[in-house]
Structures are given as structure tokens and as C-alpha cells.
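Here is a short report on strand pairing and helix packing. Look at the structure first, then read on.

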Amino acid sequence: MSVRTEPSLTSAPRRIKRSWLLASLFLAWLVLARITKGKATLELPVPENTAFTTWVGDIADSIRGNRSDGAAFKYFFNPVREFIDGFVNVIRELIAIPNGNSSIPVLGWLGVLALIGFIVYSISHIRMAIAAVSLTFACGALGLWTDSMDTLAMTLAAVILSLAIGIPVGIWAGLSDRALKAVTPILDLAQILPTLVYLAPLALFFLIGPASATIATMVYSIPIAVRLTAFGIRGVATSPVEAGTSMGTTKVQLLKKVQLPMASRTIILGINQTVMAALSFVVIAALIGAPGLGKPVVEALIIRNVGEGFVAGLAVVLIAIMLDRSTSAAIQEETSFVPPSQADRKRRKFGLTIFGALTLVSIVLSRQLAWAAYFPEQIDISKLVAQSTDAFVVWVTENLQILTSGLSKVVTVGVLNPLESLLSYSPWFLTVTMITLISLILGGVRSAFVSFVLLLAIVASGLWFDTMITFTQTIVATLLTMAVGVVVGVWVGRSTRAERALRPILDAGQTLPAFVYLIPMLGFFGPSRFTAIATGIVYSIPIVVKIVGQGIREVPVNMIEAATSAGSTKWQLITKVQLPAAKKSLLLATNQGLIFVLAVVVIGGFVGAGGLGYLVILGGSKPQLQGKGLVAGFSILLLGVMIDRIAQYTVARNSAPKH
Amino acid sequence: MSNNSSAISVKNLWQVFGPNPDKIVGSPDAKLPRAELREKTGNTAAVQDVSFDVAPGEVFVVMGLSGSGKSTLVRCLTRLIEPTSGSVVMNGEDVLKASEARLRELRRTKFSMVFQNFGLLPHRKVIDNIAFALEVNGIKKEQRHARANEVIELVGLQGFAQAYPEQLSGGMQQRVGLARALAVDPEVMFLDEPFSALDPLIRRDMQTEVMRLHKELGKTMVFITHDLAEALKVGNRIAIMRDGAVVQMGTAEELIANPADAYVEDFTRDVPKSHVLTVRTIARPLADTETATGRTIPANTIIRDATAAVLDANGPVGVVENGNLIGYVKSRDILQVVGGGNQA
């Protein structure tokens with residue numbers, strides 16, 4: 001006799017059933033994988049092409065051949081490239097490369113430093129200006145003045161163009177629901193797209209060089225500007241907007257007099273984030289010919305020269321701190337809508353006048369005198385830094401083996417290899433079936449369907465084996481990231497002191513380009529899969545800690561009070577109240593962690609991690625493998641979309657209202 | 001009672017949210033209670049067939065609990081929310097039929113609004129907040145500041161013209177809100193729960209302030225509130241809303257003396273009746289056993305104010321309206337009301 005039970009009665013047993021289901025599925029997978037090991041893995045040796053990758057390579061060649069007379073190139077790609085090249089060069093000639101017939105840029109180093117100080121002073125305060133000047137000077141002292149200026153110029157150019165597009169689109173999406181709906185999928189896609197993926201296709205259309213690098217950077221940073229601008233406009237309290245409307249404003253008046261001024265803080269935050277995104281991308285864009293600090297970083301990674309790589313990476317970090325601190329100082333100035341008093345303003349005007357005069361003198365000097373034009377070669381600590389780095393790395397690897405090769409070995413043998421044999425070295429149809437089933441259990445039917453289709457597409461691409469290698473590393477890195485991230489996140493969420501202590505580190509971690517993390521990891525762990533994993537972990541822990549900490553913090557106080565008054569221990573409070581209540585944040589953190597990790601793991605192709613990232617990088621340097629590189633990039637995209645979809649469906653399923 | 005002398009005349013106003021709002025009004029479904037309508041059609045009638053007239057210089061109060069549709073109603077009157085159907089006539093002109101440009105003109109000159117959360121612009125000084133409507137109407141800075149200073153004087157904000165909203169207390173902020181609404185010298189002011197966000201003591205001050213401004217300037221006001229005491233204090237007439245519809249409309253005395261249904265009665269239960277009702281409502285014929293004292297009081301005397309006179313009289317006192325004797329009251333009648341009896 002079948003009886004329909006109340007839904008409330010079935011929900012508890014069903015949850016238990018789900019974890020049992022997962023466990024038994026996993027067990028079955030292990031057994032099946034052992035039996036079928038090594039069969040139908042679709043492994044493709046690195047130098048070989050499939051018919052499909054050859055075909056893609058031919059298409060790339062024909063696009064390349066079409067560059068001078070194809071209509072699309074003549075009337076679209078080439079003019080765009082020329083415009084952006086021109087724009088970038090104007091800014092580079094200002095601070096980085098020789099201008100016209102002269103042998104120096106428009107501004108010599110003294111002029112640049114003074115101008116940076118003046119700009120930072122005018123948007124924040126004198127302490128910040130001094131810090132910005134010192135940080136920039138330090139880049140010169142590292143022997144990388146010209147490269148640093150190129151990075152700064154590239155970043156500036158990309159930011160200006162990104163904001164010119166991103167802010168208007170953001171305003172539009174902030175005002176119109178329909179516009180928001182139209183841009184949201186594009187923004188979402190841009191957010192999960194690993195940076196390495198779109199370099200090669202863009203270079204195909206816009207050639208290798210500053211223009212491609214700038215466009216790629218814009219693709220990465222425009223969505224951030226759009227998102228935060230729209231968020232700012234939508235975040236304006238309703239009552240001033242209603243009040244404005246009720247007094248008969250036109251739409252333009254409402255925007256100019258009410259919405260934009262009230263959204264200004266969020267929009268400036270958006271500018272800050274856009275700047276940081278652009279900087280981190282400009283470094284990676286060295287792969288497609290962006291001038292600047294990315295070049296020495298890439299070169300050092302390729303020849304595994306940790307010391308020199310560290311010097312260049314350090315310069316990137318200094319510029320990142322300089323840009324982040326000075327743009328966020330501008331936000332702090334905006335906390336109150338009340339402007340400074342008359343006396344303050346007078347003092348400030350005086351300060352600006354003095355500073356402005358000094359800046360002008362410096363600029364003139366830097367155009368007239370050699371010592372103010374060329375950064376002094378006597379000040380060069382790069383050798384010292386490189387040597388000490390190398391010495392430090394040697395010391396660590398010799399004396400703290402347990403933390404370097406020991407840790408690497410434990411993870412590689414204990415987790416990485418078993419999972420890799422499960423995903424990569426068992427028959428593809430077994431892996432496809434199992435991932436689809438797991439997706440079904442976690443995210444439901446739609447999730448399973450999407451995963452299945454994407455997995456088949458990956459199989460069809462011919463790079464199944466390499467994709468699974470990358471997937472394995474992504475999963476391992478994410479598991480470790482979550483293990484550390486949740487513990488630290490709970491701590492940060494529970495203790496205000498911990499939050500205050502860790503916040504600067506978390507903020508800094510989030511703004512640094514992923515690329516520079518590779519250098520120290522390469523030093524500690526050598527070229528290996530674990531280096532990529534370790535970099536992924538270090539890069540994504542800050543975001544996971546932030547999301548988890550916020551989730552724990554947002555658990556309602558009365559829930560905590562109720563549990564405490566019922567006599568819970570601290571441990572019970574965490575495991576029975578705070579973590580379950582913050583479940584949605586945990587899932588979101590996992591999703592972000594996966595996406596961040598994937599982006600870094602593919603860059604790990606530089607340091608011997610193999611997989612798709614390596615194929616992408618190889619495709620960029622070996623013409624006969626360019627088709628394979630492009631397909632590898634596309635496979636990364638498919639993998640990223642699949643991970644994101646499973647995570648999103650799981651989040652949606654778990655945050656549905658319970659009966 | 002619609003007539004040309006009304007300041008505002010609202011007729012059959014509907015505001016339906018949902019997938020097909022236009023199909024509801026006029027269909028048999030429209031008569032369904034709110035919950036059933038939502039169940040059946042997926043639409044919610046926030047405002048359901050509301051009609052009323054406001055006389056020039058009157059303070060008309062719309063009262064109801066949260067979710068009763070009162071805030072939606074006031075937004076429909078100024079078209080901050082577009083109503084689904086009906087008409088709102090001011091000076092012979094249907095506001096709902098006005099073009100975008102004409103609507104802006106009306107908002108800039110004919111009516112103004114005060115908001116629960118003040119709706120001040122934090123990035124502007126008090127004076128520029130107050131002059132905002134004049135500014136968007138293209139009035140020169142000197143002129144609009146001169147006008148703003150007049151209104152600042154009027155609402156007691158002297159010395160705060162150069163301050164920013166966040167430097168003021170809640171009560172002071174709402175004075176800015178009031179001043180801003182007065183700056184355009186509107187014909188009608190809409191006040192949407194203007195004092196709900198304020199402390200009780202400050203709320204009382206502000207109510208007195210509004211009554212003073214009303215007495216001095218004689219503006220027509222539509223005042224939204226969820227607080228019956230406030231409604232009784234400021235309103236000439238009160239409309240009680242529930243589930244989007246007006247359940248009863250009348251003077252305070254009418255509502256309390258003759259509540260239309262249990263809902264209104266429940267609402268008015270805690271109001272001390274002796275503070276609202278006049279002796280007219282308790283006047284009765286002389287019983288056979290009684291003899292009149294010969295003293296009289298006017299029929300529109302509030303019971304509370306009549307207490308001393310009637311107790312002193314030591315017998316039935318005549319109630320006189322327009323020179324006619326309409327009945328008698330005795331100390332016992334008064335005490336029954338004061339003591340909370342239900343015979344009122």
C-alpha cells in the first residue's frame with residue numbers, strides 16, 4: 001500500500017539519503033575506476049593535433065591571412081586597433097617611452113613622481129601622497145622605472161577607456177530593468193571567464209601588441225565598472241528619488257541632481273576595483289605583447305629565475321598598493337556628504353597651490369636636466385633583492401623541507417594522484433556519467449542536464465584528458481582552500497579583533513594580480529602541479545574568508561542568544577547554529593573559490609602544471625599548435641561554466657524556502 | 001458629494017499590481033476580497049475603487065494599518081505610481097490624464113509632498129534642499145534662495161540654512177521636509193506618514209507645528225497616518241482604509257459614534273470617547289421622573305468640556321443646537337461616557 005507522506009516528514013530523511021547516495025556513488029566510482037584503469041582515457045600527446053584542432057588552426061591562419069583586406073578587418077578591427085594603439089601611445093609617451101624626436105618621455109621621473117604626488121594629494125591627503133610617491137620611487141630603485149611606467153600607462157589607458165564605456169552602461173543598467181536584464185548574463189560570463197582564455201582569440205583579431213592587451217584588459221574590467229555603477233544607482237534610497245520625482249524633476253535632472261551624487265561612493269569604489277582589475281590584467285597581458293612589468297615576470301617564470309621574477313613581482317605589488325590605497329583614500333574622503341569647513345578649505349587651497357607650484361617646477365626640470373629625466377642608475381637595489389630572495393628560498397627549501405617538498409608530496413600522493421586517476425585515467429564515459437550523477441544529486445535535473453551537455457562538448461573538443469587534469473587540480477585546490485578558508489572565515493566572523501587584524505591582508509590579497517603569486521610558489525615548490533595548486537589556494541583564500549566571515553557575522557543575534565541561553569558550548573554554537581545558518585554563504589564561497597582557483601590553476605601551465613593552461617600557453621608560441629591552444633582555451637571556458645552552473649544550481653536548491 | 005468647489009476630487013481610483021491589471025477593473029473579479037483575487041488571478045488590488053472629495057483648506061486624513069494601501073493611494077494621487085484606472089481632478093483638471101510635461105509642471109507648482117523618511121538630499125545644504133523644486137523649475141538662484149529663506153523662517157529653521165541634513169535631528173530634518181513642500185506655495189500638500197519615524201515627544205511637537213502652519217496658511221492637506229490619535233488631532237475628516245478599500249469616511253465624531261463595522265470599532269476602541277464626542281450624541285428626551293434645571297449648553301460642546309457644567313447643575317441640562325432644544329443630559333450620562341460605558 002502506498003501512502004503519500006507529509007512533505008515535512010520526508011525532508012529530514014531525504015537529506016540523509018543525499019549524503020549516503022553521494023558516498024555510495026563515490027565508492028562505486030572508485031571500484032569501477034580501478035577495474036577500468038587506463039582504458040579509453042582519450043589521452044592525446046602534447047605535440048599531436050586532432051582533426052578538430054587542426055581545423056581550428058587553419059581557421060586561425062585564414063583569419064590571419066585576411067587581416068589586410070578582409071572587410072571586417074578593414075572597417076572594424078583595424079580602425080579599432082589603430083585608435084586604441086594611438087590612445088595608449090599618447091599616454092605611454094607622457095611617462096614611459098620616448099616622445100617624438102626626443103629621447104625621453106614628456107615627463108622625466110622627477111616630473112612623474114611630482115605629478116603622482118599632486119594627484120593623490122588632491123583626491124586624499126598629504127600622508128597618502130607621500131606614500132604613493134615613495135612606492136613609485138621604490139619601483140625605480142628596483143631598476144624597473146621604465147617597465148613600471150609602462151605598466152602604469154597601460155593601466156591608465158585601459159581604465160580610462162573602460163570607464164568611458166562602463167559608467168554610461170552602468171548608469172543605463174542602473175536605471176532600466178530591461179537594460180540590467182540584457183547585460184547581466186554578459187557580466188556573469190565575464191566574471192567566470194579565466195583571464196588566460198581570451199588572450200589568444202583577441203590577439204588573432206587585433207595582433208599582438210598594446211592594442212590587444214588593452215582590449216583584453218577592457219573586457220576584464222568593463223564588467224566591474226558596469227556592475228558597481230548599476231549597483232550604486234540602484235542602491236540610492238527610494239525616498240530621495242521619490243521626493244525628487246514628486247517635485248517635478250525631469251529624468252536627466254533626477255540623475256544629475258539626485259541619483260549620481262548619492263551613488264558617488266559606490267561609483268568611486270567601482271573605479272577603484274576597475275583600476276585594480278586592469279592592473280592585474282595588464283601584467284598577464286604581457287603574453288600578448290603588453291609592455292611593462294609583465295614581461296620580466298613572464299621571462300623569469302619561463303627560465304625559472306625566482307630572484308629576478310621576485311624583483312619584477314615586487315614592483316607590481318608596489319604599484320598595486322599605490323593605486324589601491326590612493327583610490328580607496330578617495331572613497332574615505334567621501335564618507336560624509338558634509339564638505340570641510342571654510343578654514344579647512346582655505347588651508348587645503350594653500351596646500352594645493354604650493355604643491356602645484358612644486359609639481360610644475362619638477363616637471364620643467366624633468367624636461368630640461370638629465371638627472372631629473374633619467375632615473376639615476378646609482379640607485380639600484382635589484383641585484384641585492386634578487387640575491388637575498390634566492391638565498392632565502394634556498395634556506396627555506398633546505399631547512400623547512402617539511403613545509404615545502406614535504407607538504408607538496410603529501411598533497412600530491414595523498415589527494416592529487418588518486419583523484420587524477422579517478423577523473424583522467426578512467427574511461428571518459430565513466431567520468432562523464434559520474435560527474436553527471438553527482439551534479440544531479442547536488443543541483444537537480446537541470447544541473448545534471450547542463451553538466452552532461454558541457455561534458456560531451458569537452459569530449460568532442462578532443463582535449464578531454466587535459467581538461468580532467470585541470471579539473472583535478474581545481475578540485476584539490478578548492479578543497480584545501482575551503483578547509484583553510486572556512487576555519488579562518490569562522491574566526492574572522494566571530495571575532496571583531498581577528499577581522500580587524502586580517503582585513504588589510506585580505507584586502508591586499510584580493511588586489512594583487514594572480515601572476516605574481518606564482519613566483520614565490522615556484523621558489524618553494526619548484527615546477528610541479530602542486531605549485532599551481534598552492535598558488536590557487538593562496539590566491540583564493542582571501543575571497544573565501546571574506547564571504548564566510550560575512551556569512552557568520554550576518555547570522556541573526558537572536559539565534560546566537562537563543563542557543564547560548566540554551567547552554568550551547570562554543571563548538572556547538574559554531575557547528576549547530578552559525579555554520580548551518582551561514583550555509584548559503586558557504587556555498588557562495590565555494591563557488592567563488594572554484595572560479596578563482598580555476599583562473600590560477602590554468603596559469604599554472606607556466607610552472608609545470610600541465611593541463612589546459614599549458615596547451616594555451618604552448619599554442620601562443622608554437623604555430624603548429626595554435627589551433628590546439630585555442631580549443632584548450634575554449635575547454636577552460638566550458639569547464640568554468642560547468643563548475644559555475646553546478647554551484648549555482650546547488651545554491652538555488654539549498655536556499656529554497658523550507659517547509 | 002462631488003462638486004466643482006472641491007480642491008481634489010478622487011473617483012473610482014484603482015491600482016492593481018500583477019500580470020494583467022487592466023483586466024481586473026470592471027470585471028466581476030474586482031469585487032473579490034484581496035486574498036481571493038490574488039489566489040484566482042495573481043493580481044493584487046492595492047487600491048480598490050476609492051472615491052473621495054477634499055474641500056479647499058481641509059485636512060483630510062487617510063488612516064489604515066500597514067498594507068492597507070494608504071501609501072499606494074497617496075502615490076497614485078501624484079502619480080509616483082501610475083493608477084490602473086479612475087480620475088483625480090484638481091481645479092477641473094484630471095491629473096491622471098496630464099502629459100509627462102504637464103505632470104512635471106503640476107508637481108513643480110501645484111502640489112507637493114512630505115515623506116516618512118524625509119527624502120532629503122544628503123549632498124545638499126538645507127537651503128538647497130528647500131529650493132530644489134524651484135531649482136528644477138529653472139528659477140534663478142537669488143530668487144529661489146530668497147523664497148527658501150522665507151519658508152525657513154516659517155518652519156522655525158532659522159540659522160540652519162547652511163547646514164547639511166545629516167547634521168540635523170530627525171525632527172529638524174522633517175522641518176526641512178515641510179519647508180521644502182511649502183516652498184512652491186502649493187495648492188495641495190500630501191503628507192505620507194510624515195512623523196512616523198520620529199520620537200513620540202517630537203512627533204507631538206510636529207503635529208502642533210503642522211496645525212499651526214495649516215491655520216496660518218490654510219493649505220489643503222491630504223495626511224496619511226497609521227496613528228488614530230494623530231488622525232483625530234490633525235484631521236477635519238478621516239477615511240479609514242483596509243485591504244485597499246475605504247471602509248468608512250467621516251468626522252472623528254461620526255467614526256467613533258457610529259463605527260461602520262467591527263474593524264473600525266476595534267480601531268477606535270481605545271480612544272477616550274469623552275474627548276471626541278459632543279453632547280449632541282448623548283442628548284436624550286427628558287424622562288417622566290425628571291425635571292429640567294433650566295440650564296443649557298451648546299450641542300457641539302465636547303463631553304469632556306461639558307463635565308463641570310453638568311455636574312454642577314444637579315439635574316438634567318438642556319442641549320441647544322441652533323437655538324432649538326434637542327434633548328437633555330444629566331451627570332449620569334456624562335459619567336457613563338467618561339467611565340467607558342458602551343451606551344454612546
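Strand 11 of chain B pairs with strand 12 (residues 317–321) of chain B in the parallel sense, over three bridges. Two strands pair if DSSP finds at least two bridges between them. Ile297(B) has Val319(B) in strand 12 of chain B as its bridge partner. This is a predicted model: local features need pLDDT of at least 70, side-chain atom pairs count only at pLDDT 80 or more, and totals for chains, interfaces and linings use all residues. Residues are numbered from 1 along each chain as its sequence is written, while chains are lettered from A and ligands numbered from 1 in the order in which they are written.

The open sheet in chain B has three strands in the order 11-12-13, with mixed pairing. Strand 11 (296–298) and strand 13 (324–329) of chain B stand at the edges, each with a single partner strand, so one side of each lacks a neighbour in the sheet. Neighbouring strands are turned by 35° against each other on average, direction ignored. Helix 12 (residues 303–313) of chain B lies across strand 11, strand 12 and strand 13 of chain B.

Two angles between N-to-C directions (on a range from 0 to 180 degrees, with axes fitted to C-alpha atoms):

| Pair | Angle |
|---|---|
| Helix 12 and strand 12 of chain B | about 140° |
| Helix 10 (residues 238–246) and helix 11 (residues 251–284) of chain A | roughly 170° |

The axes of helix 10 and helix 11 of chain A come within 10 Å. These two helices of chain A are therefore roughly antiparallel (angles over 145 degrees).

Technical notes
Helix = DSSP H or I, 4+ residues; strand = E, 2+ residues; numbered from the N terminus. Parallel < 35°, antiparallel > 145°, perpendicular 65-115°, else oblique. Contact = placed C-beta atoms within 7 Å.
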